[in-house]
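Dear colleague,

I am handing over the structure below, and I would be glad if you could look through it alongside my notes.

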Amino acid sequence: MSTETQKYTRNNPYQSTMLVNYVMTDKDSEKETRHIELSLEPGMTYTPGDAVGILPENRESEVADVLSALGYKGDERVLDHYKVEISLEEALRTRLAIGKLTRGSVNSYAKIAPETTKGLDFLKGLAGADNKSKAEEYVWGREFFDLITEHPGGITQPQQLFTVLQRLTPRMYSIASSQAKATDTVHTTVRVVRYHTHNRDRQGLCSGHLGERADVGVTMPIFLHANQNFRLPEDTNAPVIMVGPGTGIAPFRSYLQHRQAEGHKGDNWLFFGEQRRASDFLYREELEGMHADGFLTRLDTAFSRDQAHKIYVQDKMRENSAELFAWLERGAYFYICGDATRMAKDVETALLDSIANGKDCSPEHAQEYLSEMKKQKRYQLDVY
Ligand SMILES: Cc1cc2nc3c(=O)[nH]c(=O)nc-3n(C[C@H](O)[C@H](O)[C@H](O)COP(=O)(O)OP(=O)(O)OC[C@H]3O[C@@H](n4cnc5c(N)ncnc54)[C@H](O)[C@@H]3O)c2cc1C
(Lines give C-alpha, C1' and ligand atoms only; values in the text may rest on other atoms or scores of the structure.)
Protein backbone atom coordinates (compact mmCIF):
# COMPACT_ATOMS: atom_id res chain seq x y z
CA MET A 1 0.00 0.00 0.00
CA SER A 2 1.43 3.41 -0.92
CA THR A 3 2.16 6.07 1.67
CA GLU A 4 -0.46 8.21 -0.08
CA THR A 5 -3.13 5.79 1.19
CA GLN A 6 -2.11 6.45 4.78
CA LYS A 7 -3.35 10.02 4.36
CA TYR A 8 -6.74 8.64 5.35
CA THR A 9 -7.01 6.62 8.55
CA ARG A 10 -9.73 5.57 10.98
CA ASN A 11 -9.25 8.91 12.77
CA ASN A 12 -9.06 10.88 9.55
CA PRO A 13 -11.33 8.98 7.15
CA TYR A 14 -12.04 9.73 3.51
CA GLN A 15 -15.58 10.89 2.68
CA SER A 16 -16.39 8.33 0.02
CA THR A 17 -19.45 8.39 -2.24
CA MET A 18 -21.68 5.33 -2.57
CA LEU A 19 -21.60 4.41 -6.26
CA VAL A 20 -23.34 1.03 -6.31
CA ASN A 21 -25.37 -0.75 -3.64
CA TYR A 22 -27.64 -3.65 -4.51
CA VAL A 23 -28.89 -6.89 -2.99
CA MET A 24 -27.30 -9.94 -4.61
CA THR A 25 -29.33 -12.55 -2.83
CA ASP A 26 -32.79 -13.42 -4.16
CA LYS A 27 -35.98 -12.43 -2.31
CA ASP A 28 -36.43 -16.09 -1.30
CA SER A 29 -33.07 -16.13 0.48
CA GLU A 30 -32.87 -16.19 4.26
CA LYS A 31 -30.00 -13.74 3.96
CA GLU A 32 -29.51 -10.28 2.54
CA THR A 33 -26.08 -9.93 1.02
CA ARG A 34 -25.15 -6.75 -0.84
CA HIS A 35 -22.59 -5.75 -3.42
CA ILE A 36 -21.26 -2.29 -2.64
CA GLU A 37 -18.95 0.01 -4.58
CA LEU A 38 -17.46 3.11 -2.98
CA SER A 39 -15.45 5.91 -4.59
CA LEU A 40 -11.77 6.54 -3.84
CA GLU A 41 -9.73 9.67 -4.28
CA PRO A 42 -7.06 9.30 -6.98
CA GLY A 43 -3.90 8.08 -5.25
CA MET A 44 -5.68 5.92 -2.67
CA THR A 45 -4.44 2.41 -3.34
CA TYR A 46 -5.05 -1.07 -1.98
CA THR A 47 -3.80 -4.57 -2.65
CA PRO A 48 -5.96 -7.72 -3.03
CA GLY A 49 -6.35 -9.14 0.49
CA ASP A 50 -6.81 -5.72 2.13
CA ALA A 51 -9.95 -4.53 3.90
CA VAL A 52 -11.95 -1.31 3.89
CA GLY A 53 -13.02 0.24 7.19
CA ILE A 54 -16.42 1.93 7.22
CA LEU A 55 -17.61 4.31 9.95
CA PRO A 56 -21.33 3.87 10.33
CA GLU A 57 -23.99 6.03 11.98
CA ASN A 58 -26.72 4.88 14.31
CA ARG A 59 -30.27 4.83 12.96
CA GLU A 60 -32.15 8.10 13.47
CA SER A 61 -35.18 6.23 14.83
CA GLU A 62 -32.93 4.45 17.33
CA VAL A 63 -31.39 7.78 18.39
CA ALA A 64 -34.86 9.30 18.75
CA ASP A 65 -35.98 6.36 20.90
CA VAL A 66 -32.98 6.76 23.21
CA LEU A 67 -33.48 10.55 23.50
CA SER A 68 -37.14 10.10 24.30
CA ALA A 69 -36.46 7.34 26.87
CA LEU A 70 -33.93 9.62 28.58
CA GLY A 71 -36.23 12.65 28.40
CA TYR A 72 -33.82 14.76 26.32
CA LYS A 73 -34.56 16.78 23.19
CA GLY A 74 -31.24 16.23 21.45
CA ASP A 75 -30.09 19.87 21.37
CA GLU A 76 -28.35 19.56 24.77
CA ARG A 77 -24.60 20.27 24.44
CA VAL A 78 -21.97 17.65 25.25
CA LEU A 79 -18.21 17.30 24.76
CA ASP A 80 -17.16 14.47 22.44
CA HIS A 81 -14.08 12.23 22.92
CA TYR A 82 -11.84 15.06 21.68
CA LYS A 83 -13.58 17.62 23.94
CA VAL A 84 -15.30 19.22 20.96
CA GLU A 85 -18.75 20.54 21.80
CA ILE A 86 -21.56 18.93 19.80
CA SER A 87 -25.27 18.30 20.27
CA LEU A 88 -26.44 15.23 22.14
CA GLU A 89 -28.28 14.08 19.01
CA GLU A 90 -25.06 14.17 16.99
CA ALA A 91 -23.21 12.36 19.77
CA LEU A 92 -25.77 9.56 19.82
CA ARG A 93 -25.85 9.31 16.05
CA THR A 94 -22.14 9.47 15.23
CA ARG A 95 -20.00 8.97 18.35
CA LEU A 96 -21.57 6.51 20.78
CA ALA A 97 -22.37 2.80 20.46
CA ILE A 98 -26.02 2.57 21.39
CA GLY A 99 -26.42 -0.81 19.65
CA LYS A 100 -25.41 -4.13 21.19
CA LEU A 101 -25.23 -3.68 24.98
CA THR A 102 -21.97 -4.57 26.72
CA ARG A 103 -21.34 -5.76 30.28
CA GLY A 104 -19.08 -2.75 30.74
CA SER A 105 -21.92 -0.34 29.92
CA VAL A 106 -24.26 -2.07 32.36
CA ASN A 107 -21.62 -1.85 35.11
CA SER A 108 -20.91 1.84 34.44
CA TYR A 109 -24.63 2.57 34.37
CA ALA A 110 -25.15 0.81 37.71
CA LYS A 111 -22.24 2.75 39.22
CA ILE A 112 -23.48 6.23 38.31
CA ALA A 113 -27.21 5.54 38.68
CA PRO A 114 -28.95 7.18 41.67
CA GLU A 115 -30.55 4.87 44.28
CA THR A 116 -33.99 5.65 42.82
CA THR A 117 -33.12 3.86 39.57
CA LYS A 118 -35.51 1.02 38.93
CA GLY A 119 -34.02 -2.43 39.54
CA LEU A 120 -30.65 -1.01 40.59
CA ASP A 121 -29.91 -3.96 42.87
CA PHE A 122 -30.38 -6.34 39.97
CA LEU A 123 -27.95 -4.32 37.82
CA LYS A 124 -25.39 -4.10 40.64
CA GLY A 125 -25.70 -7.86 41.01
CA LEU A 126 -24.39 -8.27 37.44
CA ALA A 127 -21.01 -6.70 38.26
CA GLY A 128 -17.81 -8.62 39.01
CA ALA A 129 -16.10 -11.65 37.49
CA ASP A 130 -18.29 -14.09 39.49
CA ASN A 131 -21.42 -12.80 37.78
CA LYS A 132 -20.05 -12.84 34.23
CA SER A 133 -22.44 -15.46 32.89
CA LYS A 134 -25.46 -13.74 34.49
CA ALA A 135 -24.38 -10.45 32.93
CA GLU A 136 -23.78 -12.12 29.54
CA GLU A 137 -27.27 -13.53 29.69
CA TYR A 138 -28.73 -10.10 30.40
CA VAL A 139 -26.89 -8.24 27.63
CA TRP A 140 -27.57 -10.93 24.97
CA GLY A 141 -29.84 -9.52 22.27
CA ARG A 142 -30.25 -6.22 24.17
CA GLU A 143 -29.28 -2.68 23.26
CA PHE A 144 -28.80 0.48 25.33
CA PHE A 145 -32.44 1.35 24.75
CA ASP A 146 -33.50 -1.83 26.59
CA LEU A 147 -31.34 -0.94 29.59
CA ILE A 148 -32.77 2.57 29.97
CA THR A 149 -36.37 1.50 29.46
CA GLU A 150 -36.15 -1.54 31.76
CA HIS A 151 -34.13 0.36 34.39
CA PRO A 152 -35.01 4.04 33.91
CA GLY A 153 -33.56 6.89 35.94
CA GLY A 154 -29.84 6.05 35.74
CA ILE A 155 -28.70 8.94 33.54
CA THR A 156 -28.99 12.38 35.15
CA GLN A 157 -26.61 14.39 32.90
CA PRO A 158 -26.23 13.98 29.09
CA GLN A 159 -22.43 13.98 29.43
CA GLN A 160 -22.64 10.75 31.48
CA LEU A 161 -23.41 8.89 28.25
CA PHE A 162 -19.72 9.21 27.34
CA THR A 163 -18.86 7.30 30.52
CA VAL A 164 -21.47 4.60 30.05
CA LEU A 165 -21.34 3.96 26.31
CA GLN A 166 -18.45 2.77 24.21
CA ARG A 167 -17.21 4.69 21.25
CA LEU A 168 -18.76 3.94 17.86
CA THR A 169 -16.10 1.94 16.04
CA PRO A 170 -15.59 1.31 12.33
CA ARG A 171 -16.36 -2.11 10.86
CA MET A 172 -13.96 -3.88 8.51
CA TYR A 173 -14.98 -5.46 5.19
CA SER A 174 -12.74 -7.56 2.94
CA ILE A 175 -12.17 -5.81 -0.35
CA ALA A 176 -13.87 -7.56 -3.29
CA SER A 177 -12.19 -5.74 -6.18
CA SER A 178 -8.77 -5.22 -7.72
CA GLN A 179 -7.49 -1.83 -8.79
CA ALA A 180 -6.09 -3.54 -11.86
CA LYS A 181 -9.75 -3.43 -12.94
CA ALA A 182 -11.55 -0.94 -10.67
CA THR A 183 -9.06 1.92 -10.44
CA ASP A 184 -10.90 4.53 -8.40
CA THR A 185 -13.36 2.35 -6.52
CA VAL A 186 -13.38 -0.20 -3.75
CA HIS A 187 -15.94 -3.03 -3.75
CA THR A 188 -17.23 -5.03 -0.78
CA THR A 189 -19.65 -7.87 -0.14
CA VAL A 190 -21.78 -7.21 2.94
CA ARG A 191 -24.20 -9.48 4.71
CA VAL A 192 -26.85 -7.35 6.45
CA VAL A 193 -27.34 -8.46 10.05
CA ARG A 194 -31.02 -8.38 11.09
CA TYR A 195 -32.66 -10.14 14.01
CA HIS A 196 -35.55 -9.89 16.43
CA THR A 197 -34.92 -10.12 20.17
CA HIS A 198 -36.79 -8.96 23.27
CA ASN A 199 -39.74 -7.84 21.15
CA ARG A 200 -37.79 -5.45 18.94
CA ASP A 201 -36.44 -5.63 15.40
CA ARG A 202 -32.68 -5.08 15.49
CA GLN A 203 -30.03 -4.63 12.85
CA GLY A 204 -26.27 -4.60 12.82
CA LEU A 205 -24.88 -1.10 13.16
CA CYS A 206 -22.78 -0.91 9.99
CA SER A 207 -24.38 -3.59 7.82
CA GLY A 208 -27.78 -2.12 8.77
CA HIS A 209 -26.57 1.32 7.72
CA LEU A 210 -25.34 -0.09 4.41
CA GLY A 211 -28.56 -2.05 3.96
CA GLU A 212 -30.99 0.74 4.68
CA ARG A 213 -29.51 4.20 4.69
CA ALA A 214 -26.75 4.17 2.12
CA ASP A 215 -28.34 4.90 -1.23
CA VAL A 216 -26.25 5.71 -4.26
CA GLY A 217 -24.94 9.27 -3.89
CA VAL A 218 -24.65 9.40 -0.09
CA THR A 219 -21.21 9.84 1.46
CA MET A 220 -19.64 7.57 4.07
CA PRO A 221 -16.36 7.93 5.99
CA ILE A 222 -13.99 5.11 5.01
CA PHE A 223 -10.31 4.13 5.20
CA LEU A 224 -8.23 1.38 3.65
CA HIS A 225 -6.60 -1.21 5.87
CA ALA A 226 -3.63 -3.29 4.70
CA ASN A 227 -3.49 -7.01 5.48
CA GLN A 228 0.01 -8.31 4.77
CA ASN A 229 -1.00 -11.78 5.96
CA PHE A 230 -3.43 -12.37 3.11
CA ARG A 231 -1.53 -11.99 -0.10
CA LEU A 232 -1.44 -13.61 -3.52
CA PRO A 233 1.77 -15.56 -4.20
CA GLU A 234 4.62 -13.46 -5.54
CA ASP A 235 5.19 -16.22 -8.10
CA THR A 236 2.42 -15.49 -10.60
CA ASN A 237 2.65 -19.07 -11.92
CA ALA A 238 1.83 -20.63 -8.54
CA PRO A 239 -1.58 -22.29 -8.27
CA VAL A 240 -4.04 -20.95 -5.68
CA ILE A 241 -6.85 -22.75 -3.84
CA MET A 242 -9.45 -20.42 -2.32
CA VAL A 243 -12.15 -21.46 0.13
CA GLY A 244 -14.67 -18.65 0.58
CA PRO A 245 -18.25 -19.53 1.52
CA GLY A 246 -20.77 -16.71 2.06
CA THR A 247 -19.21 -13.26 2.24
CA GLY A 248 -15.87 -15.11 2.39
CA ILE A 249 -16.00 -14.89 -1.42
CA ALA A 250 -15.07 -11.17 -1.27
CA PRO A 251 -11.25 -11.27 -1.30
CA PHE A 252 -11.27 -14.08 -3.86
CA ARG A 253 -13.25 -11.94 -6.29
CA SER A 254 -10.44 -9.45 -5.78
CA TYR A 255 -7.75 -12.13 -6.30
CA LEU A 256 -9.42 -13.45 -9.44
CA GLN A 257 -9.97 -9.98 -10.92
CA HIS A 258 -6.36 -9.18 -10.22
CA ARG A 259 -4.88 -12.37 -11.62
CA GLN A 260 -7.03 -12.10 -14.72
CA ALA A 261 -6.29 -8.42 -15.36
CA GLU A 262 -2.55 -8.90 -14.77
CA GLY A 263 -2.41 -12.07 -16.86
CA HIS A 264 -1.11 -14.36 -14.09
CA LYS A 265 -0.65 -17.87 -15.42
CA GLY A 266 -1.14 -19.86 -12.18
CA ASP A 267 -4.18 -22.14 -11.89
CA ASN A 268 -7.13 -21.00 -9.75
CA TRP A 269 -9.46 -23.25 -7.76
CA LEU A 270 -12.41 -21.79 -5.87
CA PHE A 271 -14.68 -23.47 -3.33
CA PHE A 272 -17.84 -21.46 -2.72
CA GLY A 273 -20.73 -22.38 -0.45
CA GLU A 274 -24.04 -20.94 0.72
CA GLN A 275 -27.53 -22.15 1.58
CA ARG A 276 -29.22 -22.38 -1.86
CA ARG A 277 -27.95 -22.20 -5.43
CA ALA A 278 -31.05 -20.42 -6.73
CA SER A 279 -31.06 -17.60 -4.18
CA ASP A 280 -27.59 -17.35 -2.62
CA PHE A 281 -24.99 -17.94 -5.34
CA LEU A 282 -23.03 -14.68 -4.98
CA TYR A 283 -21.33 -13.34 -8.13
CA ARG A 284 -22.67 -16.36 -9.98
CA GLU A 285 -22.43 -14.96 -13.51
CA GLU A 286 -18.91 -13.65 -13.04
CA LEU A 287 -17.64 -16.87 -11.51
CA GLU A 288 -19.34 -19.17 -13.98
CA GLY A 289 -18.07 -16.94 -16.80
CA MET A 290 -14.49 -17.16 -15.53
CA HIS A 291 -14.89 -20.92 -15.18
CA ALA A 292 -16.40 -21.31 -18.66
CA ASP A 293 -13.54 -19.43 -20.30
CA GLY A 294 -11.00 -21.55 -18.43
CA PHE A 295 -9.48 -18.79 -16.30
CA LEU A 296 -11.03 -20.17 -13.11
CA THR A 297 -9.59 -23.66 -13.47
CA ARG A 298 -11.97 -25.30 -10.97
CA LEU A 299 -15.17 -24.02 -9.37
CA ASP A 300 -16.66 -26.29 -6.71
CA THR A 301 -19.86 -25.23 -4.98
CA ALA A 302 -21.65 -26.54 -1.90
CA PHE A 303 -25.26 -25.45 -1.30
CA SER A 304 -26.16 -26.82 2.10
CA ARG A 305 -29.97 -26.62 1.85
CA ASP A 306 -30.42 -27.88 -1.71
CA GLN A 307 -30.67 -31.50 -0.60
CA ALA A 308 -31.84 -33.45 2.43
CA HIS A 309 -28.36 -33.80 3.93
CA LYS A 310 -26.23 -30.70 4.35
CA ILE A 311 -23.21 -30.30 2.10
CA TYR A 312 -20.50 -27.78 2.96
CA VAL A 313 -17.29 -26.60 1.33
CA GLN A 314 -15.25 -29.00 3.46
CA ASP A 315 -17.31 -31.91 2.05
CA LYS A 316 -16.45 -30.75 -1.47
CA MET A 317 -12.79 -30.66 -0.46
CA ARG A 318 -13.04 -34.24 0.82
CA GLU A 319 -14.68 -35.37 -2.44
CA ASN A 320 -11.72 -33.93 -4.30
CA SER A 321 -9.09 -34.90 -1.78
CA ALA A 322 -6.63 -36.55 -4.18
CA GLU A 323 -6.63 -33.64 -6.61
CA LEU A 324 -6.40 -31.13 -3.79
CA PHE A 325 -3.29 -32.85 -2.51
CA ALA A 326 -1.84 -32.96 -6.04
CA TRP A 327 -2.28 -29.15 -6.23
CA LEU A 328 -0.52 -28.75 -2.86
CA GLU A 329 2.36 -30.88 -4.15
CA ARG A 330 2.56 -28.54 -7.13
CA GLY A 331 3.13 -25.69 -4.66
CA ALA A 332 -0.44 -24.38 -4.40
CA TYR A 333 -1.22 -21.56 -1.96
CA PHE A 334 -4.26 -22.28 0.19
CA TYR A 335 -6.58 -19.48 1.42
CA ILE A 336 -9.63 -19.44 3.69
CA CYS A 337 -11.96 -16.48 4.18
CA GLY A 338 -15.24 -16.10 6.09
CA ASP A 339 -16.70 -17.52 9.29
CA ALA A 340 -14.12 -18.04 12.03
CA THR A 341 -16.29 -19.92 14.51
CA ARG A 342 -16.87 -23.15 12.63
CA MET A 343 -16.09 -23.02 8.94
CA ALA A 344 -12.38 -22.22 9.19
CA LYS A 345 -11.78 -25.09 11.63
CA ASP A 346 -13.78 -27.58 9.54
CA VAL A 347 -11.90 -26.55 6.40
CA GLU A 348 -8.54 -26.94 8.15
CA THR A 349 -9.55 -30.42 9.32
CA ALA A 350 -10.55 -31.39 5.77
CA LEU A 351 -7.25 -30.02 4.48
CA LEU A 352 -5.29 -32.06 7.04
CA ASP A 353 -7.27 -35.16 6.04
CA SER A 354 -6.43 -34.58 2.37
CA ILE A 355 -2.75 -34.26 3.27
CA ALA A 356 -2.82 -37.40 5.46
CA ASN A 357 -4.56 -39.39 2.69
CA GLY A 358 -2.38 -38.02 -0.07
CA LYS A 359 0.86 -38.72 1.75
CA ASP A 360 -0.51 -41.83 3.44
CA CYS A 361 0.85 -40.43 6.70
CA SER A 362 -0.18 -39.95 10.33
CA PRO A 363 -2.18 -36.90 11.51
CA GLU A 364 1.04 -35.64 13.18
CA HIS A 365 2.91 -35.71 9.88
CA ALA A 366 0.00 -33.98 8.16
CA GLN A 367 0.31 -31.22 10.80
CA GLU A 368 4.01 -30.90 10.03
CA TYR A 369 3.21 -30.58 6.31
CA LEU A 370 0.73 -27.80 7.14
CA SER A 371 3.26 -26.08 9.42
CA GLU A 372 5.72 -26.11 6.55
CA MET A 373 3.05 -24.56 4.28
CA LYS A 374 2.49 -21.85 6.92
CA LYS A 375 6.23 -21.10 7.04
CA GLN A 376 6.22 -20.70 3.27
CA LYS A 377 3.12 -18.41 3.57
CA ARG A 378 1.16 -20.98 1.56
CA TYR A 379 -1.62 -21.23 4.15
CA GLN A 380 -3.36 -17.91 4.88
CA LEU A 381 -6.58 -17.03 6.68
CA ASP A 382 -8.85 -13.97 6.72
CA VAL A 383 -11.59 -15.03 9.10
CA TYR A 384 -13.98 -13.08 11.32
C1 LIG B 1 -11.05 -8.47 8.78
C2 LIG B 1 -12.55 -8.55 8.70
C3 LIG B 1 -13.15 -8.69 7.46
C4 LIG B 1 -14.54 -8.76 7.37
N5 LIG B 1 -15.12 -8.90 6.14
C6 LIG B 1 -16.45 -8.93 6.03
C7 LIG B 1 -17.06 -9.05 4.74
O8 LIG B 1 -16.39 -9.14 3.71
N9 LIG B 1 -18.41 -9.05 4.68
C10 LIG B 1 -19.20 -8.97 5.81
O11 LIG B 1 -20.43 -8.98 5.69
N12 LIG B 1 -18.63 -8.87 7.04
C13 LIG B 1 -17.31 -8.83 7.17
N14 LIG B 1 -16.74 -8.70 8.42
C15 LIG B 1 -17.63 -8.52 9.58
C16 LIG B 1 -18.00 -7.04 9.71
O17 LIG B 1 -16.84 -6.28 10.05
C18 LIG B 1 -19.04 -6.77 10.81
O19 LIG B 1 -18.62 -7.38 11.99
C20 LIG B 1 -20.43 -7.25 10.43
O21 LIG B 1 -20.89 -6.59 9.26
C22 LIG B 1 -21.42 -6.94 11.58
O23 LIG B 1 -21.30 -5.59 11.91
P24 LIG B 1 -22.56 -4.68 12.19
O25 LIG B 1 -22.05 -3.34 12.61
O26 LIG B 1 -23.52 -4.72 11.07
O27 LIG B 1 -23.27 -5.42 13.39
P28 LIG B 1 -23.07 -5.12 14.95
O29 LIG B 1 -23.80 -3.90 15.34
O30 LIG B 1 -21.64 -5.23 15.30
O31 LIG B 1 -23.89 -6.33 15.51
C32 LIG B 1 -23.43 -7.65 15.34
C33 LIG B 1 -23.77 -8.33 16.65
O34 LIG B 1 -25.19 -8.46 16.76
C35 LIG B 1 -25.50 -9.56 17.56
N36 LIG B 1 -26.40 -10.46 16.83
C37 LIG B 1 -26.36 -10.76 15.53
N38 LIG B 1 -27.34 -11.63 15.22
C39 LIG B 1 -27.99 -11.89 16.37
C40 LIG B 1 -29.10 -12.71 16.73
N41 LIG B 1 -29.72 -13.45 15.80
N42 LIG B 1 -29.49 -12.73 18.00
C43 LIG B 1 -28.87 -11.99 18.96
N44 LIG B 1 -27.82 -11.19 18.68
C45 LIG B 1 -27.39 -11.14 17.41
C46 LIG B 1 -24.22 -10.31 17.84
O47 LIG B 1 -23.82 -9.96 19.14
C48 LIG B 1 -23.26 -9.75 16.80
O49 LIG B 1 -21.94 -9.77 17.26
C50 LIG B 1 -15.35 -8.67 8.53
C51 LIG B 1 -14.72 -8.52 9.77
C52 LIG B 1 -13.36 -8.45 9.87
C53 LIG B 1 -12.74 -8.29 11.23
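Arginine 305 has a relative accessible area of 34% and is therefore partly exposed, since that class lies between the 20% limit for buried and the 50% limit for exposed. Please bear in mind that this is a predicted model. The partner of arginine 305 in a salt bridge is glutamate 30, with 3.3 Å between the closest N and O atoms. This pair links distant parts of the chain, 275 residues apart: arginine 305 sits in the loop between strand E13 (298-303) and helix H12 (313-319), whereas glutamate 30 sits in the loop between strand E1 (14-23) and strand E2 (33-39). Glutamate 30 likewise counts as partly exposed, because its relative accessibility is 48%.

A second salt bridge joins the side chains of arginine 202 and aspartate 146, at 2.7 Å from N to O. Since arginine 202 belongs to strand E9 (residues 200-203) and aspartate 146 to helix H6 (residues 144-150), the pair ties together parts that are 56 residues apart in sequence. Are these two residues, arginine 202 and aspartate 146, buried or exposed? Both of them are buried.

Turning to the ligand, I find 19 residues surrounding it, of which the closest are Arg171, Met172, Tyr173, Cys206 and Ser207. An N or O atom in the side chain of arginine 171 is 2.8 Å from an oxygen atom of the ligand. Methionine 172 places a backbone N or O atom 2.6 Å from an oxygen atom of the ligand, and for serine 174 a backbone N or O atom lies 3.2 Å from a nitrogen atom of the ligand. On its own the ligand has 990 Å² of accessible area, and the protein covers 70% of that.

Which elements give two or more residues to the shell around the ligand? They are strand E6 (171-174), strand E7 (185-191), strand E8 (194-197) and helix H8 (205-212), and E6 gives the most, with four residues. Sorted by class, the shell around the ligand consists of nine nonpolar, six polar and four charged residues.

Finally, I would point you to serine 304, which is placed in the loop between E13 and H12. At 6% relative accessibility, serine 304 counts as buried, because buried means under 20% relative accessible area. Leaving aside residues up to four places away in sequence, serine 304 touches Glu274, Gln275, His309, Lys310, Ile311 and Tyr312.

With kind regards

Terms used. Residues numbered from 1 in each chain as written. Predicted model: local features only at pLDDT ≥ 70, side-chain atom pairs only at ≥ 80, totals over all residues. Heavy atoms only, no water. Salt bridge = Lys/Arg side-chain N within 4 Å of Asp/Glu carboxyl O. Buried < 20%, exposed > 50% of the residue type's maximum accessible area, 1.4 Å probe, protein only. Near = heavy atom within 4 Å. Polar contact = N/O pair within 3.5 Å; in protein donor to acceptor, adjacent residues only side chain to side chain. Areas by Shrake-Rupley, 256 points an atom, 1.4 Å probe, with all protein chains shown as cover. Nonpolar A, V, L, I, M, F, W, Y, C, P; charged D, E, K, R; others polar. Contact = heavy atoms within 4.5 Å.
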